[in-house]
Amino acid sequence: MSGLDENSDPITKILKNESGQSFTDVNTGLPNVNGTAKWGDYDNDGDLDILLTGQVEVVYRNDGNDTFTNVHVY
């Protein structure tokens, strides 16, 4: 999710569904933006990557194990 938190500060989080019982914050280190987050597999490796738009417009490659790398695609 991406947008504003309860204090109107930018926020970006990925929440993992834990077997339909609860959600856990993955703590990926993605930058907090007030914008949109779009998922897609830009590098065709089978992992969903993320495009963040707002103050920035950056693709983050999914490296697996809940880690993402800024690939500097503009």
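The model is predicted: local features need pLDDT of at least 70, side-chain atom pairs count only at pLDDT 80 or more, and totals for chains, interfaces and linings use all residues. Residues are numbered from 1 along each chain as its sequence is written, and side-chain values use heavy atoms, with hydrogens and water left out.

**The sheet**

- An open sheet is formed by four strands in the order β5-β6-β7-β8, with antiparallel pairing.
- Strands (E, at least two residues) are DSSP runs, numbered from the N terminus, and two of them pair if DSSP finds at least two bridges between them.
- The edge strands, each pairing on one side only, are β5 (36–40) and β8 (67–70).
- On average, neighbouring strands of this sheet are turned by 30 degrees against each other, direction ignored; the axes are lines fitted to C-alpha atoms.

**Strands β6 and β7**

- Strand β6 (residues 49–53) and strand β7 (residues 57–64) run antiparallel and are joined by four bridges.
- Thr-53 stands opposite Glu-57 in β7, and Leu-51 has Val-59 in β7 as its bridge partner.
- The two strands form a hairpin with three residues between them. In the turn, Gly-54 has a positive phi of about 155 degrees.

**Strands β7 and β8**

- β7 and β8 also run antiparallel, and four bridges join them.
- Opposite Gly-64 stands Thr-67 in β8.
- This hairpin has two residues between its strands, and Asn-65 in the turn has a positive phi of about 55 degrees.
- Asp-66 is placed in the loop between β7 and β8. Its phi is near 60 degrees, a positive value in a residue other than glycine.
- With 35% relative accessibility, Asp-66 counts as partly exposed.

**The nonpolar core**

- The largest nonpolar core has nine residues in all: Ile-14, Val-26, Leu-30, Val-33, Ile-50, Leu-52, Val-58, Tyr-60 and Phe-68.
- Such a core is a set of buried Ala, Val, Leu, Ile, Met, Phe, Trp, Tyr and Cys residues joined through side-chain atoms within 4.5 Å.
- At least two residues of this core come from each of β6 and β7.
- In soluble globular proteins, nonpolar side chains tend to be buried together.
- Val-33, one of the core residues, touches Ser-2, Gly-3, Pro-10, Ile-11, Thr-12, Leu-52, Thr-53, Gln-55 and Val-56, not counting residues up to four places away in sequence. Contact here means heavy atoms within 4.5 Å.

**The aromatic pair**

- One aromatic pair is found in a search of the whole structure.
- Rings of Phe, Tyr and Trp (its six-membered ring) pair if their centres lie within 6.5 Å; planes under 30 degrees apart count as stacked, over 60 as edge-to-face and the rest as tilted.
- The ring centres of Trp-39 and Phe-68 are 6.2 Å apart and the planes are at 65 degrees, so this pair is edge-to-face.
- Because Trp-39 lies in strand β5 and Phe-68 in strand β8, the pair ties together parts that are 29 residues apart in sequence.
- Trp-39 counts as partly exposed at 45% relative accessibility, whereas Phe-68 is buried, with a relative accessible area of 15%.

Technical notes. Axes are lines fitted to C-alpha atoms, for helices over the stretch in contact, and angles run from 0 to 180 degrees between N-to-C directions. Buried means under 20% relative accessible area, exposed over 50%, partly exposed in between (1.4 Å probe, protein chains only).
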